[in-house]
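Colleague: Let us go through the charged pairs here. Please give a value or a name each time.

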Amino acid sequence: MRLTNLLSATSVAVLAMAAASAARADIGGQYTGYGEGAGTTIDLVQTGTALNGVIGGDVDGVLLGTATGDTATGVVLLFDVAKFPFTAVFTGSELRITITGVNGQQTLIPFTLDGAAAPTTLPTAPTKPAPQPPQAPPVLDHAAVTEALRALLTGLVAIEFDDQPPAAQAGFVECLIGVTAPLSAEELQMLVDTGFNPDDAMIVRFDRTVPGIDAAVAACFTAADVPAETPPPVPTKPGPAPATAPAPDPAATPPPVALDDAVVDGNLRTVLVGVVAAELPDATDEQRTAVVACLMAAVAPLPAADRQHLADIGFEPDDREAARLEALVPGISMAVQDCLLAYEPVRTSVTLSNGATVTVEGGVNHMFEAIDGGYRIAVDATDIVVTATELVVSGATTPLPASFTELVVAITDTGFAITVDGAPLPAN
């Protein structure tokens, strides 16, 4: 594992939302970006204090949070990227998002509520200070920079390995701190400034200071990914029974956070709407709604914490997580797969002697065989015969154009839809 690849997704900016105006009871609505936000939309829905949002356009993702008045906190999940915490402040019709990177860089992205008049002047990013005469670089304190790096790694590890207990996360951070400890204060500051994502030139420099640092960092990550095996007990001679440890004081251990099933299901449903839209782009809205309901039912037996985790990771568990969920609810993997496959139409494609492609889709069972000049395709109880010159469906013959590239026969609940090169085929 290359050092340049470590936590690259989590070094992306943490989202924060800011604006100043009077609060309103419900901040839900459809927002459209302008200026730097052009091409992006956010559809927010507030139920009580639960805030869910779908991000679309140039960036795909969801927003899951809790709203109080005109402020909100939670996480933003960008599909195929990572999960980031956010804070938000809203006005009546204005939503301003400030993207903040781990190195402190900020980008202002404005949005306005659909139907509201767009501002005549675009918000401006913070002005840069006037150039100052060059000054000698400050002398860096190794201990102070190490603490800054520890704080950065603590945040990154909490996001990247949120399924592991706090003790394991802390041990992982200390492993990385130990590996990088021999670096100079200046080199440690480079790691802080880049969000622990150095370029190749930096890695070459670090390797001169600490030979093999790349492999050592990779070993820390491997230790975090692979749970340590429990060694077998060592045989010992019988001895006095160990003293019984006193029972833990319930008041000293904070109770686990209770998850509200309705809020968790709302979060998961918001994520699934985006996932199903991406997985089934050709499905109708009714079909997508049915798939979302099917998936919600498939994962309903899972505990609330596991359902929330599925929402946090975009409904994309890795192999280890999938195996754990299968152990909790046997057959859940097949149930999820059946939900998606139920709305994938069955397709059969053949190529005629004239080079044209014929595609038959729909139904349940397809069988086809080559015949003189074309193909016979049996779809359930329907026979379809196609050649370069004619199409026969259930005994009805329709001549085909002298030249065409693609013929599609779609079998629906109400009959057949036949197109040639994208246009409906005229009836005979």
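Colleague: Is Arg307 buried or exposed, and at what relative accessibility?

Modeller: This is a predicted model. The cut-off for buried is under 20% relative accessible area. Arg307 falls in the buried class, and its relative accessibility is 7%.

Colleague: Which residue forms a salt bridge with Arg307?

Modeller: Start with location: Arg307 lies in helix α8 (residues 304-312), and its partner lies in helix α6 (residues 261-279), so the pair ties together parts 46 residues apart in sequence. The closest N and O atoms are 2.9 Å apart, and the partner is Asp261.

Colleague: How many residues apart are Asp163 and Arg320?

Modeller: They form a salt bridge, with the closest N and O atoms 3.6 Å apart. Asp163 sits in the loop between α1 (142-160) and α2 (166-180), and Arg320 in helix α9 (residues 319-328); the pair links distant parts of the chain, 157 residues apart.

Colleague: Which residues are linked in a network of salt bridges?

Modeller: The structure holds 9 salt bridges. A network of them links Glu147, Arg150 and Glu174.

Definitions and conventions. Residues are numbered from 1 along each chain as its sequence is written. This is a predicted model: local features need pLDDT of at least 70, side-chain atom pairs count only at pLDDT 80 or more; totals for chains, interfaces and linings use all residues. Side-chain values use heavy atoms; hydrogens and water are left out. A salt bridge is a side-chain nitrogen of Lys or Arg within 4 Å of a carboxyl oxygen of Asp or Glu. Helices (H or I, at least four residues) and strands (E, at least two) are DSSP runs, numbered from the N terminus. Buried means under 20% relative accessible area, exposed over 50%, partly exposed in between (1.4 Å probe, protein chains only).
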